[in-house]
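Subject: Handover of a structure and notes on its contents

Dear colleague,

Please find below the structure that I am passing on to you. I would be grateful if you could read the notes under it alongside the coordinates.

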Amino acid sequence: MRRSARPPSSSANIMFTITIEDQNNQVADTFSFDHGSYVVGRLDTCDIVLPTGSVSREHARIFVQDGRCYIEDLGSANGVVVDGQKVVQQRDLGTASQIRIGDYYLYLEFKRSARMQNQNVLSTLFIDSGSEHHKLVRINDAFAGEEFSLSEVENTIGRTDENFILLSDASISRRHAIIARHGDLYSVVDCGSSNGTRLNGKAVQSQQALSPGDRVEFGNLEFVFVEGNASVNPADFAGSGSSSAMTTYAGLAVLVLLGLALGGAAVFALVGSGENEGQAQAQAPPSLEEQVAEHVADGRTQLELGNWDGAIAAANEALALAPQSAEARALRDQVDVERQAAEKLAQGELLSEQGRHEEAREMLLQLPEGSIAEQRAQTTLAHLNRTIAYNLRSEASRLFKSRRDADPKAAHALLVEALEVLPDDPESRALLDEVEAHMREKRIAFDAYAPAP
């Protein structure tokens, strides 16, 4: 494999590294960059040359834009596959772990600069099991239709480039708001911005849950929150934001004044009749059981959002109404379990980011079964399993195929360990079969691998 020289380094916050593994499971090369665009293909004129017939002349393009790394299929014959999914046009590699181009595998890693965090560690990135993240779609201005995928655990929003979502507008504070992702749930919180954050026209005072279709305003900019695969036509929202609401209120005011001019008595009579009708239609207050159920439901929502104090408060309110409520007591007990599990999950994810994969995996496997934290840990665990298995397989391949210090027994042990971590890994199994066949031929004693039932 041949590649062109990379351009001079920029002041980017993240350094990306591509590790390229060839058809023989050997590392062919590594390629580091923090900006720019690189064509991958079979031609010698490409920036990254993969010399095999399964790779098109100009197969794909890897590029950095706004601090994130992307891959684009350039109309290749065999396509680009990222973690088992074929790329349609282009894909953000900020959540990719394995890229397949022809017979080659490419693994993406990144290194954060000291300005972004105190540590400067290398971490393999990973996907979220193929699920679509929700997104914000901009409406009611000249940039209507612009989309922002909410793929991070904390999607920071602000006017400076330290934020995940950069909004260049005078009404936006340097660090304006955060949209947090909690599994399939999202919430928004204002960061003390000058011009505020509004959810469906109401000021966001604390952490508030988001639902698809919600309208979110950051300063003077307005967005609609939708699922990741939803199609949004900005024209459907044209003139329907705050300005239209003000027009409506102004129109109502004119009508009221006109009504007063024509006859105040008639207006008050209409208002009075409306109040009487509303009173006649008023529903009976909720029963005790309904109030308790409402507090418990609110507590569970707060629990999903990681708002422990809110969940405890809801449980206590339910218990104040019904001290013997089993559901309220179970909710209060669950808060303590989930709080501790969330702390352990955070520790495990930090270890994963630091590249301490085995320690991270051991930590996450200790999470209480059935807990919210355990469910949320599955994506990280899947990444860790793939990464650990890949590292073990790579070392086993080196030991098995080395001309100077070949050690098939050590390679066999590593491959068995890799399959214990990732039992369904076809590459580890294929290499293990090759190693065992070699050891039988060379009459090397070993215990044949037998997968767990």
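**Conventions**

This is a predicted model, in which local features need pLDDT of at least 70 and side-chain atom pairs count only at pLDDT 80 or more, while totals for chains, interfaces and linings use all residues. Residues are numbered from 1 along each chain as its sequence is written, and side-chain values use heavy atoms, with hydrogens and water left out.

**The chain as a whole**

The protein chain has 8 helices and 24 strands. Helices (H or I, at least four residues) and strands (E, at least two) are DSSP runs, numbered from the N terminus. Of the 453 residues in the protein chain, 41% are buried. Here buried means under 20% relative accessible area, exposed means over 50%, and partly exposed lies in between (1.4 Å probe, protein chains only). Contact means heavy atoms within 4.5 Å. Among contacts in the protein chain between residues at least 6 apart in sequence, 48% join residues at least 24 apart.

**The six-stranded sheet**

An open sheet of 6 strands runs in the order S15-S14-S24-S23-S20-S21, with antiparallel pairing. Two strands pair if DSSP finds at least two bridges between them. At the edges are strand S15 (147–149) and strand S21 (202–203), each of which pairs on one side only.

Strand S24 (residues 221–226) pairs with strand S14 (residues 135–139) in the antiparallel sense over 5 bridges. In this pairing, Ile139 stands opposite Glu222, and Arg138 has Phe223 as its bridge partner. Strand S23 (residues 215–218) also pairs with S24 in the antiparallel sense, over 4 bridges, and there Glu217 stands opposite Glu222. S23 and S24 form a hairpin with 2 residues between them, and Gly219 in the turn has a positive phi of about 60 degrees.

How many residues of S24 are buried? The count is 6 of 6, and the strand is mostly covered. Leu221, Phe223 and Phe225 point one way from S24, whereas Glu222, Val224 and Val226 point the other way, and all are buried.

Helix H4 (residues 326–353) and helix H5 (residues 357–364) pack at an angle of about 165 degrees, with their axes 8 Å apart. Axes are lines fitted to C-alpha atoms, for helices over the stretch in contact, and angles run from 0 to 180 degrees between N-to-C directions. H4 and H5 are therefore roughly antiparallel to each other; angles under 35 degrees count as roughly parallel, over 145 as roughly antiparallel, 65 to 115 as roughly perpendicular and the rest as oblique. On the H4 side the contact is made by Lys344, Leu345, Gln347, Gly348, Leu351 and Ser352, and on the H5 side by His357, Glu359, Ala360, Met363 and Leu364. These residues divide into 5 nonpolar, 4 polar and 2 charged. In this scheme Ala, Val, Leu, Ile, Met, Phe, Trp, Tyr, Cys and Pro count as nonpolar, Asp, Glu, Lys and Arg as charged, and the others, Gly among them, as polar.

The axes of H5 and helix H6 (residues 372–401) come within 10 Å and cross at roughly 145 degrees. Among the residues that meet are His357, Ala360 and Leu364 in H5, and Leu384, Thr387, Ile388 and Asn391 in H6. By class, the contact of H5 with H6 has 6 nonpolar, 5 polar and 2 charged residues.

- His357 lies in helix H5 and counts as buried, at 10% relative accessibility. Not counting residues up to four places away in sequence, His357 touches Ser352, Leu384, Thr387, Ile388 and Asn391.
- Glu146 is found in the loop between S14 and S15 and counts as partly exposed, at 31% relative accessibility. Leaving aside neighbours within four places in sequence, Glu146 is in contact with Leu136, Val137 and Arg138. The C-alpha atoms of Glu146 and Leu136 are separated by 8.3 Å.
- Val188 is found in strand S19 (residues 185–190) and counts as buried, at 1% relative accessibility. Beyond neighbours within four places in sequence, the contacts of Val188 include Ile178, Val204 and Phe218. The C-alpha atoms of Val188 and Val204, 16 residues apart along the chain, are separated by 7.9 Å.

With kind regards
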